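Thanks for coming, everyone. Let me put the structure up, and then we'll go through some side-chain contacts.

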Amino acid sequence: MRSDTGEVSDDVPGVLETAALLREVTAGLITSDDFDAALARLARTTQDAIAEVTWCGVTVLRSGAPASVAASEARLRALDDVRYGTDGPAMTAIRQRELVWSADLRAEARWQRWTGQALALGVHGVLAVPVDVDEHVIGSINLYAREPGVLGAAQQLTAMLLAEHAGLLLGAVRDRDRQAELVGEFVRKPSAGRIVDQAIGVIMTQRGCNATEALQVLRTASAALAIPVRDVAERLVTSVTRPRDT
């Protein structure tokens, strides 16, 4: 972007650089069906693509499942891992749903325990931005700098654009991950298809809908409960076939 003097500001990321980052992230995630592997790929790509960023971590919270953590360098995983406590920029960004930034951790007073650990690892600047994946998954992309004072407006803007883009891609990865899990469940348990068919029949009878609509009911329940479609079907069939108390 040009300033009033006609010069290009160093504080604003170039369009080409940002586009290149988003393109690389897309290429790395668009065909993935492994959510945790996608998080690791996102951390590595971000570390390599954003100027002044030395390391990158990703923290993800999933309802009904343990937190997921990915880091571009293994020794920094503890900085993003909520099992070590909720005191830190990642959880602050997730809770407040807004960007969290500290240009120089030596003067930071918000997260005393976390900051001491970060400084011991050589981290002097941090920028955490929330990521919305779907209604059951939220997280934070965490950028770390070895040098103080180097994370500024350019990195903040890039991080916000990245978070929006990555959230959409990770949502698609999660959908493919769940679909792959469902297919694997069918392969492991040949009877799964019959159970789903039975559940579809139950729903059609109860709601007076067609098979396609009944299957969508199962899928919606599966997403809401964060469990495979087969398990939803099995619960439904069991509930209607269980002998009633007399």
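Start with Glu-108 and Arg-110. Their side chains meet in a salt bridge, at 2.8 Å from N to O. Keep in mind that this is a predicted model. Now, how accessible is each partner? Glu-108 has 16% relative accessibility, so it counts as buried. Arg-110 sits at 44%, so it is partly exposed.

That bridge comes from a search of the whole structure, which finds seven salt bridges. I'll show you two others.

Next one: Asp-104 with Arg-106. The closest N and O atoms of this salt bridge are 2.9 Å apart. Buried or exposed, what about Arg-106? Exposed, with a relative accessible area of 56%. Asp-104 has 25% relative accessibility, so that residue counts as partly exposed. The cut-off for buried is under 20%.

Now the third bridge. Arg-174 pairs with Asp-134, and the closest N and O atoms are 2.7 Å apart. Which elements do these two residues lie in? Arg-174 is in helix H6, residues 153-188, and Asp-134 is in strand S4, residues 125-134. The two are 40 residues apart in sequence, so this pair ties together separate parts of the chain. And Arg-174 is buried, at a relative accessible area of 9%.

On to the aromatics. How many aromatic pairs does the structure hold? Two. Take Trp-111 and Trp-114. Their ring centres are 5.9 Å apart, and the planes stand at 80°. Planes over 60 degrees apart count as edge-to-face, so that is what we call this pair. Both tryptophans are worth a look for accessibility. Trp-111 comes out at 3% relative accessibility, which counts as buried. Trp-114 is buried as well, with a relative accessible area of 5%.

Last stop, helix H1. This helix covers residues 15-29, which is 15 residues. What span should we expect? At 1.5 Å a residue, H1 should span 21 Å. The end C-alpha atoms are 21 Å apart, so the two values agree. Which H1 residues are buried? Thr-18, Leu-21, Leu-22, Val-25, Thr-26, Gly-28 and Leu-29.

To recap, then. Arg-174 and Asp-134 tie H6 to S4. Trp-111 and Trp-114 form an edge-to-face pair. Happy to take questions.

Note on methods:
Residues are numbered from 1 along each chain as its sequence is written. This is a predicted model: local features need pLDDT of at least 70, side-chain atom pairs count only at pLDDT 80 or more; totals for chains, interfaces and linings use all residues. Side-chain values use heavy atoms; hydrogens and water are left out. A salt bridge is a side-chain nitrogen of Lys or Arg within 4 Å of a carboxyl oxygen of Asp or Glu. Buried means under 20% relative accessible area, exposed over 50%, partly exposed in between (1.4 Å probe, protein chains only). Helices (H or I, at least four residues) and strands (E, at least two) are DSSP runs, numbered from the N terminus. The expected span of a helix is 1.5 Å times one less than its number of residues. Rings of Phe, Tyr and Trp (its six-membered ring) pair if their centres lie within 6.5 Å; planes under 30 degrees apart count as stacked, over 60 as edge-to-face and the rest as tilted.
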